[in-house]
Amino acid sequence: MEPVYTFTDTERDALRELLRGVTKNPYEDHSAFSAAIADLADSGDVPGYFVDLCRRIRDERAAGGTQAHVLRNCPLDEDIPLLDLDDPIADKHAKKHTFIGEAFLALFGRLVETPLLSYGTRFNGAFFVDVIAINKYSGMQTGFSDSELVYHNDRTAHPVRADFICLLGMRCPDGADYIYTGFVDGRDLLAHLTEEQQAVLRKPYFITPYDVFSRDNNGALSVSEDHAILENEHSFRYLDTTTTVTETAPPEAKDALLALKNALVRANKTRHRIQTGDLFTFANQDGLHSRDKMEINDPERARQRWLLKTYAFRDQAAADRYADRWIDGVPGRVGDGT
Ligand SMILES: [Fe+2]
């Protein structure tokens, strides 16, 4: 996938200088951090090249253009520590004392007008999440492992799901290790499904068990409510090899599920190799994504791959629909309850 925009080194450094002015700690006081980002966005100090770029992405998404964008050579923290993979999150808090990556993601979210979303039961409700291999999840189907991941959306089983995901490459293997993020647009899946199959996929004949990481963080979670796979125009709520039919679903539900699996094999896809300093942002519901390890020559180096992730709502109205779920009065932070 071709980058939408590559910051020049001068542009990147100017943005980093600007973001350095945000001194609040997003993990200790998200409200203060968030207010500082809002002030920055409104200050008139954000360079025009970034404001215009964010506006272009917002307009292209709204107009039904591509739902996946790449920004290259983004500003990052000057010191990016190597993390202990037994407990990388605690190690991050111990070692990382600047928040340039976080501020960049927050400012991007603000300028494309996609309010951020977090889960109260994960990472203390942090809005900036580390996609990194945690040793205890090795080999499992969760973003917190070094495994390949089948096509899915994040938090498939959860009633509140992000419309967009941002992944910022903090430390990516840049040698001979090739890890790709695949993306398939929901419209390209629809093109391979008949009207009848689509109609069945729109019925609540399906369930998705929660992933291992969710169950570890909230023991009460086991399986989603019965849900449709196809929602809105072309949103897919689906975790390949896991989403299945309910016990009471009619036979055509299984046929439609099989048709979706075939569509997923046939549909056009884009694949992007996230490199250090890349921001890859794509639709979480109006498409599905995957992680493919195409070629790994140094598994230990590849295991140190670290992406900083945010979840976001499509717009303010989409966020406001969940306002009764906010935890501790923090807009965007939801619980696991239904
Ligand atoms: Fe994912």
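**Core.** I looked up the largest nonpolar core in this predicted model, and it has 76 residues. A nonpolar core here is a set of buried Ala, Val, Leu, Ile, Met, Phe, Trp, Tyr and Cys residues joined through C-beta atoms within 7 Å. I noted the cut-offs for burial: a residue is buried if 20 or more other C-beta atoms lie within 10 Å of its own, exposed if 12 or fewer, and partly exposed in between, with C-beta atoms placed from the backbone. The residues with the most contacts inside the core are Ala-103, Phe-104, Leu-105, Phe-108, Cys-166, Leu-168 and Ala-312. Helix 5 gives the most to this core, with 7 residues. In soluble globular proteins, nonpolar side chains tend to be buried together.

**Ground rules.** I count residues from 1 along each chain as its sequence is written. Since the model is predicted, local features need pLDDT of at least 70 and side-chain atom pairs count only at pLDDT 80 or more, while totals for chains, interfaces and linings use all residues. Helices (H or I, at least four residues) and strands (E, at least two) are DSSP runs, numbered from the N terminus.

I listed the contacts of Ala-312, leaving aside neighbours within four places in sequence; among them are Gly-109, Pro-115, Leu-116, Phe-164 and Cys-166. Contact means that two C-beta atoms, placed from the backbone, lie within 7 Å. Ala-312 is also the bridge partner of Leu-116, in strand 15. Strand 3 (residues 116–119) and strand 15 (residues 306–312) pair in the antiparallel sense over 2 bridges; two strands pair if DSSP finds at least two bridges between them. Strand 3 is also joined by 2 bridges to strand 16 (residues 333–334), and these two run parallel. There, Ser-118 stands opposite Arg-333. I found both faces of strand 3 covered: Leu-116 and Ser-118 on one side, Leu-117 and Tyr-119 on the other, are all buried.

**Helix 1.** Helix 1 (residues 9–20) has 12 residues and reaches 16 Å from its first C-alpha to its last, close to the 16 Å expected. The expected span is 1.5 Å times one less than the number of residues. Its buried residues are Leu-15, Leu-18 and Leu-19. They cover an arc of only 95 degrees around the axis, which puts them on the same side of helix 1; the arc is that of the directions from the helix axis to the C-beta atoms. An α-helix has 3.6 residues a turn, so residues three or four places apart point the same way. The buried residues pack against helix 3 (48–62) and helix 5 (100–111). On the face turned away from them I found the exposed residues Asp-9, Thr-10, Asp-13 and Glu-17.

**Helix 9.** In helix 9, I found Ala-253, Ala-256, Leu-257, Leu-260 and Leu-264 buried. Their arc is only 105 degrees around the axis, which puts them on the same side of helix 9. What covers them includes strand 5, strand 7 (178–185) and helix 6 (186–190). The face turned away carries exposed residues, including Leu-258 and Val-265.

I traced an open sheet of 4 strands in the order 5-14-7-12, with antiparallel pairing. The edge strands are strand 5 (149–152) and strand 12 (270–272), each pairing on one side only. Strand 5 and strand 14 (residues 287–295) pair over 2 bridges, and Leu-149 has Arg-291 as its bridge partner in strand 14.
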